[in-house]
Amino acid sequence: MHRRATRTIEASESERTDPPDGATEADVTSNPAVVAALRAQRIELPSWAFGNSGTRFKVFAQKGVPRTPYEKVADAAQVHRFTGVAPSVALHIPWDRVDDYADLARHATDAGVSLGTINSNVFQDDDYMLGSVCNPNARVRRKALDHLLACVDVMDVTGSRDLKLWFSDGTNYPGQDDIRNRQDRLAEALAAVHARLGADQRMLLEYKLFEPSFYTMDVPDWGTSYIQCVAAGPKAKVVVDTGHHAPGTNIEFIVASLLRTDRLGGFDFNSRFYADDDLMVGSADPFQLFRIMYEVVRAGGLDEGYGVAFMLDQCHNIEPKIPGQIRSVMNVQEATAKALLVDAEALAKAQEGGDVLGANAVFMDAYNTDVRPLLADVRVDLGLDPDPMGAYARSGYGDRIVAERVGGQQAGWGA
Ligand code: LRH
Ligand code: MN
């Protein structure tokens with residue numbers, strides 16, 4: 001049975017489309033909570049998604065790509081302009097280093113967005129070949145810690161709540177270094193960062209199974225991140241990057257467990273077919289994204305006060321970057337809308353009654369609901385065009401930046 005979440009608010013008769021044969025219309029006007037949650041959704045964009053990116057084989061430069069953090073912020077503001085749910089931009093230091101972060105924050109405000117999560121970068125300096133905060137060499141560890149603390153200084157100026165920490169630290173060969181000593185070094189650095197954080201600031205520790213280290217990563221999985229966060233203190237939370245797991249990992253189980261223990265700080269959303277492909281979220285496995293968002297909805301994790309940061313972390317290696325971000329935001333919205341449509345009462349009844357097929361059917365019914373009309377209505381309700389991709393294409397912004405941004409050094413990963 002396919003449901004189509006059609007009209008929500010003040011839908012006139014003429015606009016109402018008759019459901020195809022056999023389809024029942026899920027009238028979501030009776031779901032103001034769903035509409036309210038979708039209006040209030042907040043998805044943070046990565047500044048680096050607007051720069052050039054690629055693989056070790058090739059970075060294909062694209063025309064019109066930003067040359068400065070100011071231009072990256074301007075491009076991110078376009079995504080918010082047409083989706084209405086992406087009002088902040090995460091920065092990556094030093095990729096987004098500027099002389100005056102307060103001025104960059106003002107530029108963002110003028111563009112209708114704000115500066116969000118600050119990402120540290122201790123993975124591109126020659127000194128970090130054997131690690132940064134886990135490096136056997138104390139001078140290198142100090143250098144890395146100083147960078148992390150400098151990122152908190154940036155947060156003080158930009159007003160950002162979160163510092164996101166991802167470490168490329170690890171080893172490539174058994175015996176190369178002592179696994180336990182490296183954990184102790186990591187804990188020491190995290191304790192120092194935690195102590196530096198202001199009252200309303202947090203540190204989000206991201207884990208990754210492999211790459212660029214291939215025998216051990218010092219934060220390889222959610223368990224290690226959780227252990228280190230609990231040891232560091234209450235301001236330390238775990239980030240789930242959806243591309244950082246072994247194939248077949250049940251990520252929604254990890255999400256449910258971190259929500260249950262109040263240690264889910266946020267997501268780095270993207271998708272992958274094999275490794276850390278950083279493709280558009282929901283493009284490889286929209287059903288997995290739905291299952292993840294269901295655990296978030298079930299735990300009340302969508303509520304602003306809950307403090308889960310929904311961030312994209314992607315690279316648009318071959319596709320246009322601003323439309324790629326708009327499509328990604330729409331994919332998160334669709335997964336969220338479907339998750340919000342799970343009939344929680346019917347599901348609980350079937351689950352408690354041991355009705356395996358019944359429970360699965362309730363879950364799949366929501367997933368198989370076409371929520372695109374509902375989201376189009378939410379956009380209209382927000383005063384936006386129901387079709388963000390079309391509206392962006394018609395805006396001419398893409399052509400304008402290609403014409404204007406000639407010369408200068410295009411932004412990239414600087415690797
Ligand atoms: C590492 C990662 C991390 C970043 C980088 C841009 O793979 O996911 O979040 O800082 O990508
Ligand atoms: Mn990430």
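**Ligand 1 and the spaces in the protein**

In this predicted model, an oxygen atom of ligand 1 lies 3.0 Å from an N or O atom in the side chain of Asp241. A polar contact here is a pair of N or O atoms within 3.5 Å. Two further aspartates take part: a polar side-chain atom of Asp276 is 3.1 Å from a ligand oxygen, and for Asp313 the distance from a side-chain N or O atom to an oxygen of ligand 1 is 2.7 Å. On its own, ligand 1 has 300 Å² of accessible area, of which the protein covers 97% (Shrake-Rupley method, 1.4 Å probe).

Residues count as near the ligand if one of their heavy atoms lies within 4 Å of it. The shell around ligand 1 includes Trp48, His92, Lys164, Trp166 and Glu206. By class, this shell holds three nonpolar, two polar and seven charged residues. Nonpolar means Ala, Val, Leu, Ile, Met, Phe, Trp, Tyr, Cys and Pro; charged means Asp, Glu, Lys and Arg; the others, Gly among them, are polar.

Where does ligand 1 sit? Its place is the largest pocket, in the sense that more than half of its atoms lie within 2 Å of the pocket's grid points. On a 1 Å grid over the protein atoms alone, a pocket is an open set of points with protein on both sides within 12 Å along at least five of seven lines, while a cavity is a set where a 1.4 Å probe fits but cannot get out; lining residues have an atom within 4 Å of a point. The largest pocket has a volume of about 1400 Å³, volume being the space filled by probe spheres set on points joined across faces, edges and corners. Its lining comprises 49 residues, with Gly54, Lys208, Glu211, Pro212 and Trp413 nearest the centre. Strand S6 (162-166) gives the most, three residues; strands are DSSP runs of E, at least two residues long, numbered from the N terminus.

The second largest pocket holds about 490 Å³ of space. Among its 23 lining residues, Arg42, Glu44, Ser88, Arg161 and Glu304 are closest to its centre. One cavity of 30 Å³ or more is counted, and the largest cavity contains about 40 Å³. Among the residues lining this cavity are Lys208, His244 and Asp276.

Residues are numbered from 1 along each chain as its sequence is written, chains are lettered from A and ligands numbered from 1 in the order written. Local features need pLDDT of at least 70 and side-chain atom pairs 80 or more, whereas totals for chains, interfaces and linings use all residues; side-chain values use heavy atoms, without hydrogens and water.

How values were computed
Polar contact = N/O pair within 3.5 Å; in protein donor to acceptor, adjacent residues only side chain to side chain. Helix = DSSP H or I, 4+ residues; strand = E, 2+ residues; numbered from the N terminus.
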